[in-house]
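Visitor: Could you take me on a close look at one helix packing in this model?

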2 protein chains.
Amino acid sequence: MKYVFGADIGGTTIKIGFFNENGELLGTAEIPTRTEDGGKYVLPDTSEAILRILRENGIEKCDVLGIGVGVPGPVLEDGTVNKCVNLGWGVFSVTETVESLTGIPCKAGNDANVAALGEMWKGGGSGYKSLVVVTLGTGVGGGVIINGEMIYGKGGAAGEIGHIPVTEPEEAIGICGCGKRGCLEQYVSANGIANVSSLYINEHPDEETSLRELSILTCKDVFDAAKAGDRVACKMVDTFGRTLGRALAAVGCVVDVEAFVIGGGVSKAGSIVTDMVSKYYREYAFHASADAEFTLATLGNNAGIYGGAYMVLKYQSLLENIQS
Amino acid sequence: MKYVFGADIGGTTIKIGFFNENGELLGTAEIPTRTEDGGKYVLPDTSEAILRILRENGIEKCDVLGIGVGVPGPVLEDGTVNKCVNLGWGVFSVTETVESLTGIPCKAGNDANVAALGEMWKGGGSGYKSLVVVTLGTGVGGGVIINGEMIYGKGGAAGEIGHIPVTEPEEAIGICGCGKRGCLEQYVSANGIANVSSLYINEHPDEETSLRELSILTCKDVFDAAKAGDRVACKMVDTFGRTLGRALAAVGCVVDVEAFVIGGGVSKAGSIVTDMVSKYYREYAFHASADAEFTLATLGNNAGIYGGAYMVLKYQSLLENIQS
């Protein structure tokens, strides 16, 4: 039996998944992300954790097909990370670094892109070969997969769905983490939905809503109130659906995928999310791409480790096809 | 010596290019498009014209590597056209039809996508492997190429840049050819620029402009007047640049290409087009994709025949790689 690792490097924790060559998850490990000193401990810590798992399970390095790593920044197709603000990283080769630390082959990608591969392989996107995975969390990430291949982009920025400009800059909404204004992320991320709703409630003091009583308004509050029939909350969910559906209609005009898979914290609200987004998607989409499917992501925080393992297994099977 | 054909099927004429295997254009032919009877003569006429060129040049079919055909409608990766309103076509296999009519292998694609391949191969996109070609003509077409491969899309609708929703529906602008409102094409095609400018002039009777004297306002008039310093015309060109630049910034968030190549009638205005569009692209683009290049298409009406020939030569070289 051969083995594979998927590592999902986040700003606070690093999650490692240990798989066999059939893609079965045998175990996971989590270690804190040490971002001090320009993030120089991150890959050594990750590598050490992987080597420890091998020792504990009595597995030889030669039985490991590879390590697939997702990092929270743009990654080029050759494995070079193009700055990672959260980790303090500049520009260097993630794959070469991990290979020299472990002696095991490595593949790397942007975390949202790698998570998208995971969802395609074992999650809400399984059965599709062309799909866009949209992750609605604190921010909005995305991954574009065409014929089973992740699109990296020339600067590692393919799938940066969250930074699609969706409005002319609005003073009240403020500045996006990317430095611009009017990004999709500012309206449909968990934070964005909460902000937009708070603003609306303050600007409409006459409208009755259960949300007004809350001292801190979260995205979950908005979806819960909408499910309970609160009119203002329903309006906010409708606006969310329109904004995201319209942006994805633009994405459909570019890549015309089979499916959109929606994940991240916001997607925990369930089918109300896909129902709303698909409703407006179909309203704004070009007719030939209007029948795309909408599904919920199913792997949660494990999408990244699955995607990492998939990158290795896919590359391995390509190699075998070429050799045979 | 082996030979290749590229055929660009338009609503009024069919253009055929005759190339040698080195990609040199040896000659072209043009025949009218007979759209009567559900367009049933279109492919027989095209095939007959190709066979005539072979006879006239004393070339055997076995010396022809293939025919690459662009058609004005969505085409799936297997060569199936998914309705072609201009030609009266329903759903059928373009490649199988041409192959049975000629006995020569055929590849097919959407005309704008095929033209994009042509521009990549021998035109304004040469040197780039990932690019989006935007054709600003009567309507707006597009083609998305990633790592040298055209993206077809599940319904043949990838690259339908012209139908990106860019505004909430505006009554004055009317309905797009696709049946929706608010499409990019309604603002930045040659017709769109002329319409938007006419509306602006009528709505602002106090603003002086040389354009007001014209009985019929064309896109060319607007660009000519802008180059001559007319303030209203400059404003219209600026609005055009902002609308297209912002839409392409959204495209950049999805596929992060090396270059945008701008062609079609509007691009004849020259570098003012790429200057304006790139200026606003950089304003709205996500930082990691903001340095994309902007170039003008150079092949004009020949882009489609070059792209057709390229599809065949590329497929052929793949076959040879597999066999060797």
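Guide: Gladly! Axes here are lines fitted to C-alpha atoms, for helices over the stretch in contact, and angles run from 0 to 180 degrees between N-to-C directions. Helices are DSSP runs of H or I with at least four residues, numbered from the N terminus. The model is predicted, so local features need pLDDT of at least 70 and side-chain atom pairs count only at pLDDT 80 or more, while totals for chains, interfaces and linings use all residues. Residues are numbered from 1 along each chain as its sequence is written, chains are lettered from A and ligands numbered from 1 in the order in which they are written, and side-chain values use heavy atoms, with hydrogens and water left out.

Now to the pair itself. In chain A, helix α8 (residues 231-255) packs on helix α9 (residues 271-284) with axes 7 Å apart and an angle of about 55°. That angle makes α8(A) oblique to α9(A); oblique covers whatever is left once angles under 35 degrees (roughly parallel), over 145 (roughly antiparallel) and 65 to 115 (roughly perpendicular) are set aside. The two helices cross in a right-handed way, meaning that the near helix is turned clockwise from the far one by less than a right angle.

Contact means heavy atoms within 4.5 Å. On the α8(A) side, the contact residues include Val237(A), Phe240(A), Leu244(A) and Leu248(A); α9(A) contributes, among others, Ile272(A), Met276(A) and Tyr280(A). By class, the contact has 12 nonpolar, three polar and five charged residues, where Ala, Val, Leu, Ile, Met, Phe, Trp, Tyr, Cys and Pro count as nonpolar, Asp, Glu, Lys and Arg as charged, and the others, Gly among them, as polar. Among the charged ones are Asp238(A) and Arg242(A) of α8(A) and Lys279(A) of α9(A).
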